[in-house]
Amino acid sequence: MKAAVLIQRWYRQYVARMEMRRRYTWNIFQSIEYSGEQAQIKLYNFLGYLMDNFNPTSTERNLISHIFRENEVCRDTEWERHFCYKNIEVPEIYSGPRLIFPLTVEQVAAMVEAFRNKRQLHSRYVLQLLLETWKLLRKLPNISRISTCHSKEITVCGDLHGQLEDLLLIFYKNGMPSLERPYVFNGDFVDRGKDSIEILLILFAFLLVYPNDVHLNRGNHEDHIVNLRYGFTKEVLGKYKMHGKRILKLLQKIFSWLPLATVIDQKVLILHGGISNTTDLCLIARVDRHKYVSALRPPKKRTQYPVSQSSVDLDMEDDLSGTKNNQRRVSLIKANSFGPRDGFQRRSLQDFSGRVPRTVDEEIEVRRRQSGFIKGGFSHSQGDLNNLAVSSASQESTDTADTTVEEWKQILDLLWSDPMSQNGCIPNEVRGGGCYWGPDVTQDFLDRHNMQLIIRSHECKQDGYEFCHNRRVLTLFSASNYYEVGSNRGAYVKLGPDLVPYLIQYQASSMTRELTLRKNVGKVEHSALKVLREQLFAHKSDLVSAFQEFDKDKTGVVSLNDWATAVESVLRLGLPWRMLRFQLATCKTPGGMLDYQEWFQELSIKEPQMEHIDQGLLETLYRHRATLETIFRIVDLDNSGFITMEDFRQTWKLLSAFLKMEITDEAISDLSVTIDTNQDGNIDIDEFMEAFRLTDKKSRLERGKSMFMGTTTDLTKLEGDPNI
């Protein structure tokens with residue numbers, strides 16, 4: 001009996017240790033993910049600040065102006081001409097799927113099978129499929145309303161994030177979309193995973209075949225600015241080198257036309273992020289959703305190009321031009337002042353959109369007719385008419401701006417918000433966009449709209465789903481193994497006429513089924529700690545300064561509590577550093593103090609051999625690697641993967657302005673000379689970023705040691721296990 005009690009106690013302690021490790025590992029991944037999203041939004045706001053305030057002819061402005069030409073208001077026929085696929089030949093040797101429109105379910109099934117076998121759809125068919133999708137989406141309402149009475153069950157899927165394995169597994173377990181098997185896909189189809197474009201093509205194809213039974217909601221990653229950082233832009237340009245830019249441009253328009261929410265039986269609301277205390281479904285139902293090409297900031301007043309050169313024409317010139325000399329565009333609008341720099345977080349991007357405008361005479365004639373001034377020979381002077389037009393336009397502009405900002409806040413909350421356990425509604429400062437809303441906000445919203453459940457996605461959950469707010473909010477995440485193999489399950493939910501959620505969990509990788517609990521937790525933990533060590537090393541100089549604040553006598557050592565406080569003050573990740581110190585800080589002196597210089601050696605991060613490069617510049621590169629790559633992608637106007645030496649220097653100037661730090665021309669020149677090994681005056685973006693990737697020198701076995709492991713028996717097995 002005593003032995004049984006001891007075994008039971010040991011097992012409970014073992015499970016508790018595994019759960020503790022699993023939770024702090026999860027916190028590491030999630031904190032770093034949200035920190036990256038916040039950095040992306042800050043960068044976007046900063047670039048918008050440059051557009052709003054810099055001189056129209058400034059070099060920095062010209063570098064980034066093309067990403068702000070979002071809201072082109074041209075005739076649909078002009079855009080269809082721009083995206084025309086008919087002049088693209090399909091070679092006879094092409095062995096992938098061939099599409100004939102209108103699509104049939106057999107063609108779509110064949111395309112799914114081709115993607116399963118790693119075959120690629122030809123760019124002609126990609127453009128044709130996307131163009132048909134764009135035409136269909138323009139007819140759909142902002143909020144799709146569906147009913148369970150036409151089928152037994154409706155299946156709802158959460159984030160897929162480019163993980164084709166998960167989508168194929170869902171279809172295998174649940175069946176493909178059909179008249180009897182409707183689906184709702186709740187946004188974030190792209191980014192992070194390697195098969196984002198294939199997932200989009202599959203979902204769009206099923207939408208065309210079953211327009212009343214397949215429903216797609218927009219997510220926060222259906223945004224071309226977010227795609228620059230998280231991989232979708234790079235994926236498309238890598239797979240479709242010839243026509244990738246046109247595909248991305250068409251997808252940009254498609255994303256803006258995706259519906260914002262779905263309602264089942266008037267009782268269940270499905271949206272990607274969440275709600276706020278101001279969410280108004282009536283307002284959301286009537287917004288012009290396609291104006292919000294990027295949901296990060298509201299659109300600005302559109303500017304006009306001359307009639308002879310519309311924005312479509314400019315885009316077509318870009319596609320036809322093979323050099324960068326023709327890529328620079330100068331804005332035709334005057335710089336505006338929007339207050340101090342600290343206030344740019346919530347201001348909009350300056351829009352460089354073009355439209356086919358009226359001439360001055362045509363505009364005045366329209367104003368004359370609208371104002372009723374042409375009556376029985378009664379007329380006003382040209383100056384009076386001009387003043388009238390300006391006054392009317394000014395009032396209309398103010399009203400429109402207020403409405404636009406209110407609409408934008410509604411959409412931003414829908415795509416970016418997260419639930420919290422406390423009552424109330426506060427800004428979501430962790431992600432940098434949307435809000436946190438509490439149970440009271442949920443209850444009030446559901447009562448006002450006579451609903452019973454909100455299904456949302458947007459957050460990775462270890463079990464693939466999570467209920468909160470008294471089971472009135474369900475978070476659904478369908479991308480399994482999101483952070484690492486074994487890190488989380490995926491899930492989807494089925495709703496019948498009774499609207500009771502029936503959840504199905506899965507894990508796409510067979511590797512996880514072969515691992516024990518300890519091995520699985522250990523593998524994910526290894527990956528998380530590796531990422532965290534790189535973060536710590538990238539902030540070395542700031543950490544040293546923080547340690548020295550506690551080390552007034554310059555002894556070179558600090559207490560472990562001071563170490564934890566200093567690390568959090570620098571990284572601001574909200575992690576349990578006192579718990580993690582046993583994983584990250586093992587080099588203690590006899591008095592229980594930590595030698596922080598020796599600790600950086602213990603981190604075991606292998607730096608690239610760049611001794612002659614300014615160390616401050618290198619550390620900036622390590623720390624803001626993703627931000628720098630995003631700027632590179634923006635500056636690479638022709639999407640060739642190469643930038644000129646001058647653009648390289650200007651990129652660093654933009655980064656230094658964004659970070660409010662000084663980077664000398666000499667340091668940038670030394671770095672550019674080092675990277676341009678063949679001296680052709682161009683820099684390969686991918687090679688540059690790979691050259692400065694921090695690598696962890698610890699062996700897999702050493703990385704597996706944990707204070708929470710009761711024994712080391714399994715550690716010796718890990719070294720020879722090919723799955724670890």
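Q: In what order do the 3 strands of the open sheet with E7, E8 and E9 stand?
A: The order is E7-E9-E8, and the pairing is mixed. Strands (E, at least two residues) and helices (H or I, at least four) are DSSP runs numbered from the N terminus, and two strands pair if DSSP finds at least two bridges between them. The model is predicted: local features need pLDDT of at least 70, side-chain atom pairs count only at pLDDT 80 or more, and totals for chains, interfaces and linings use all residues. Residues are numbered from 1 along each chain as its sequence is written, and side-chain values use heavy atoms, leaving out hydrogens and water.

Q: Why is one side of E7 and of E8 left without a neighbour in the sheet?
A: Strand E7 (418–419) and strand E8 (425–427) stand at the edges with a single partner strand each, so one side of each has no neighbour in the sheet.

Q: And how many bridges join E8 to E9?
A: There are 3 bridges between E8 and strand E9 (residues 435–437), which run antiparallel. Pro-427 has Cys-435 in E9 as its bridge partner.

Q: Turning to the sheet of 5 strands, what is its order?
A: This open sheet is ordered E4-E3-E2-E13-E14, with mixed pairing. Its edge strands, E4 (214–216) and E14 (502–506), each pair on one side only.

Q: How many bridges hold E2 and E13 in their pairing?
A: Strand E2 (residues 154–157) pairs with strand E13 (residues 490–495) in the antiparallel sense over 4 bridges. Thr-155 is placed opposite Lys-494 in E13.

Q: How many bridges join E13 to E14?
A: E13 and E14 run antiparallel and are joined by 5 bridges, with Tyr-506 in E14 the bridge partner of Gly-490. Their hairpin has 6 residues between the strands, and Leu-499 in this hairpin takes a positive phi near 60 degrees.

Q: Which strands does H6 lie across?
A: Helix H6 (residues 164–174) lies across E2, E3 (183–185), E13 and E14, at about 125 degrees to E14. Such angles run from 0 to 180 degrees between N-to-C directions, and axes are lines fitted to C-alpha atoms, for helices over the stretch in contact. Contact here means heavy atoms within 4.5 Å.

Q: At what angle do H6 and H7 pack?
A: The angle is about 35 degrees, with the axes 9 Å apart. Leu-164, Leu-167 and Phe-171 in H6 meet Glu-198, Ile-199, Ile-202, Leu-203 and Phe-206 in H7.

Q: Changing topic, how many residues are in the largest nonpolar core?
A: It has 63 residues, and Trp-652 and Phe-688 are among those with the most contacts inside it. Helix H1 (residues 2–53) gives the most to this core, with 7 residues. A nonpolar core is a set of buried Ala, Val, Leu, Ile, Met, Phe, Trp, Tyr and Cys residues joined through side-chain atoms within 4.5 Å. Buried means under 20% relative accessible area, exposed over 50%, and partly exposed in between (1.4 Å probe, protein chains only).

Q: Which peptide bond is cis, with omega near 0 degrees?
A: The bond from Phe-101 to Pro-102 is cis. Pro-102 is in the loop between helix H3 (76–82) and helix H4 (105–116).

Q: Is Asn-481 buried or exposed?
A: Asn-481 is buried, with a relative accessible area of 13%. Although not a glycine, Asn-481 has a positive phi of about 55 degrees.
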